[in-house]
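Subject: Structure handover

Hi,

Here is the structure I promised to pass on. Please open it next to this email and follow along.

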Amino acid sequence: MRVTVEVGAEGVARVQMCRGDGNAIDLAMARALLEAARECERAGARAVLLTGQGRYFCVGGDLKEFAALSGDRLVAHLTEVTDALHGALRILAGLDAPLVTAVQGSAAGAGLGLAAAADLCFAASDAGFTAAYTGIGYSPDAGVSWSLPRLVGPRRAMDLLLTNRRIPAAEALDMGLVSRIVAPERLDEEAAEAASALARGATGAYGATRRLVARSLSAGFGEHLDAEARQLAAAAVSAEGREGVAAFLAKRRPDFTHAPVP
């Protein structure tokens, strides 16, 4: 079992990569991540928590598997791997449920892509991040060449992609690659607490916000203002919007978990 999925009563889908210490992504792992994303979608998860078992979050692709192939067989194999992995990322990006990641040890290559895809990325204080691709003569996958420029800026992204230098957690926080740094022994607990808090929140509003932020760098300002106006109007008449305003006026905590998502 390379990936486990557990959806709790509170709506948090806990997805864990569990393939040895490095959680290297081979074809079976990529397919397992795709099925895990589908399960999150089927279950109507309100938040997704992605973690890696062992010393490292994810060290990227399984180079031993890749090295055993050549020519057309390698091309076909890598296409299968990226199709599955990218399919998982597409599904997770399309959910209303926010994605939280907890990174320990190292996030490299596609592991960096999984970490960067998160809405909230928690990193252990001794964690490190590296692109790694060009160091072995490869180009990026897992959305790394899309997410890095958006998170850290094009200039820093090129630095990371070309030099493959290891970025310690403190620097990753400064450049916007991670959201929060926590003590290693507190990583799982704090990431889980954040996912649980998000699961109690306004899932529909989260989804609208995720979509607005994702398109913000490609849409014109006027176009984006129009999209914000449409989303806000839709949110206002939704069950979540009505509950949120009613709770605010009544000076009580909103109960979004019982407000049906439109």
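Let me start with helix 3. It supplies four residues to the lining of the second largest pocket, and that is the largest share. Please keep in mind that the model is predicted.

**The second largest pocket**

This pocket holds about 330 Å³ of space. Its lining counts 20 residues, and G61, F66, Y133, Y138 and D141 sit closest to the centre. Two elements give two or more residues to this lining: helix 2 and helix 3. Sorted by class, the lining has 14 nonpolar, five polar and one charged residues.

**The largest pocket**

Now move to the largest pocket. Its volume is about 850 Å³. The lining has 34 residues, and the closest to the centre are A116, A117, A118, D119 and W146. Five elements are listed as giving two or more residues here: helix 3 (71–94), helix 4 (110–116), strand 6 (120–124), helix 5 (144–152) and helix 9 (203–215). Which helix gives the most to this lining? Helix 9 does, with six residues. By class, 21 lining residues are nonpolar, eight are polar and five are charged.

Rolling a probe the size of a water molecule over the atoms shows where empty space is left.

**Salt bridges**

Next, the charged pairs. Side chains of opposite charge can pair when their charged atoms come close. How many salt bridges does a search of the whole structure find? The count is 17.

Start with D119, which is among the residues closest to the centre of the largest pocket. Its side chain meets that of R210 in a salt bridge, at 2.9 Å from N to O. D119 lies in the loop between helix 4 and strand 6, while R210 lies in helix 9, so the pair ties together parts that are 91 residues apart in sequence. Are these two partners buried or exposed? D119 has 34% relative accessibility, so it counts as partly exposed. R210 has 12%, so it counts as buried; the cut-off for buried is under 20%.

Then go to R186. It has two partners to look at, E189 and E190. The side chains of R186 and E189 meet at 2.8 Å, N to O. For R186 and E190, the closest N and O atoms are 3.3 Å apart. R186 is partly exposed, at 30% relative accessibility. E189 is partly exposed too, with a relative accessible area of 39%. E190 has 25% and is also partly exposed.

R2, R19, D26 and D62 are linked in a network of salt bridges.

**A nonpolar patch**

Last, the surface. L63, I136 and Y138 make a nonpolar patch of about 250 Å². L63 is found in helix 2, which covers residues 63–67. With a relative accessible area of 41%, L63 is partly exposed.

Best wishes

Key
Residues numbered from 1 in each chain as written. Predicted model: local features only at pLDDT ≥ 70, side-chain atom pairs only at ≥ 80, totals over all residues. Heavy atoms only, no water. Patch = residues over 30% accessible without salt bridge, like charges linked within 9 Å, V, L, I, M, F, W, Y side chains within 5 Å. Areas by Shrake-Rupley, 256 points an atom, 1.4 Å probe, with all protein chains shown as cover. Salt bridge = Lys/Arg side-chain N within 4 Å of Asp/Glu carboxyl O. Buried < 20%, exposed > 50% of the residue type's maximum accessible area, 1.4 Å probe, protein only. 1 Å grid on protein atoms, 1.4 Å probe; cavity = no way out; pocket = protein on both sides within 12 Å on 5 of 7 lines; lining within 4 Å. Points joined across faces, edges and corners; volume = space filled by probe spheres on them. Nonpolar A, V, L, I, M, F, W, Y, C, P; charged D, E, K, R; others polar.
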